[in-house]
Amino acid sequence: MQGNESTRLVCSILAMDQSCFSYKVCRFCETPVPDDKPAEFICNNRKCAGRRRSSKRLFRLLFSIGTETRVMNVVAFDRAAQVIFGCSAQEFFDFSILHPCAVKIASKVLVGELLKVTLSTPKRGKAEHLRMTNIVPMSSDFEPVIETLRKVDWT
């Protein structure tokens, strides 16, 4: 794919990177902020003009996917990732704090899931992975990750 092209394809999730599934942003302007910033901070983005803001989390999921002809690494950001997770990144982050194995189990639950996706080239030149901009689960009995995790006996 070149330039601003996108393509739709059917693929299967082969793996999900468990090391970092979300990132912190300003709740108002969605500018990324370091994880070590407190929940309330001064946002220096020009939209916020140095005002005190709170943060939230957005999804950034790195997947290995397979099609009939190739395997590739792709990234799914917040809007697309919420389709398969069934919740916001902040909700999943809070859930994973209470249940430290949640990310590992989520990864296992998603492996083998058949999806119809739209892949787009990155808008920024330095980005290395194609973007999953639209995700549609193909299975009629698909259940979002958070629903599956809520059924786990955590005792």
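## The second largest pocket

The second largest pocket holds about 180 Å³ of space, a volume being the space filled by probe spheres set on grid points that are joined across faces, edges and corners. A pocket here is an open set of points on a 1 Å grid over the protein atoms alone, where a 1.4 Å probe fits, with protein on both sides within 12 Å along at least five of seven lines; lining residues have an atom within 4 Å of a point. This is a predicted model, in which local features need pLDDT of at least 70 and side-chain atom pairs count only at pLDDT 80 or more, while totals for chains, interfaces and linings use all residues. Residues are numbered from 1 along each chain as its sequence is written, and side-chain values use heavy atoms, with hydrogens and water left out.

Lining this pocket are Asp17, Ser19, Cys20, Arg60, Leu61, Leu62, Val75, Phe77, Ala127, Glu128, His129 and Arg131. Strands β4 and β5 each give two or more residues to the lining, and the largest share, three residues, comes from β4. Strands (E, at least two residues) and helices (H or I, at least four) are DSSP runs, numbered from the N terminus. By class, the lining has six nonpolar, two polar and four charged residues; Ala, Val, Leu, Ile, Met, Phe, Trp, Tyr, Cys and Pro count as nonpolar, Asp, Glu, Lys and Arg as charged, and the others, Gly among them, as polar.

## The largest pocket

Now to the largest pocket, with about 810 Å³ of space. Its lining has 23 residues, and Tyr23, Phe77, Lys123, Arg124 and Arg131 lie nearest the centre. Two or more residues each come from β4 (52-66), β5 (71-77), α1 (78-85) and β7 (130-137). The lining divides into ten nonpolar, four polar and nine charged residues.

## Two positive phi angles

Most residues other than glycine have a negative phi. Glu30, in the loop between β2 (22-26) and β3 (40-42), has a positive phi near 60°. Ala49, in the loop between β3 and β4, also has a positive phi, about 55°.

Glu30 is partly exposed, at 40% relative accessible area, whereas Ala49 counts as exposed at 54%. Buried means under 20% relative accessible area, exposed over 50%, and partly exposed in between (1.4 Å probe, protein chains only).

## A buried leucine

Leu149 belongs to helix α4 (residues 145-150) and is buried, with a relative accessible area of 0%. Its C-alpha atom is separated by 9.1 Å from that of Val109, 40 residues apart along the chain.
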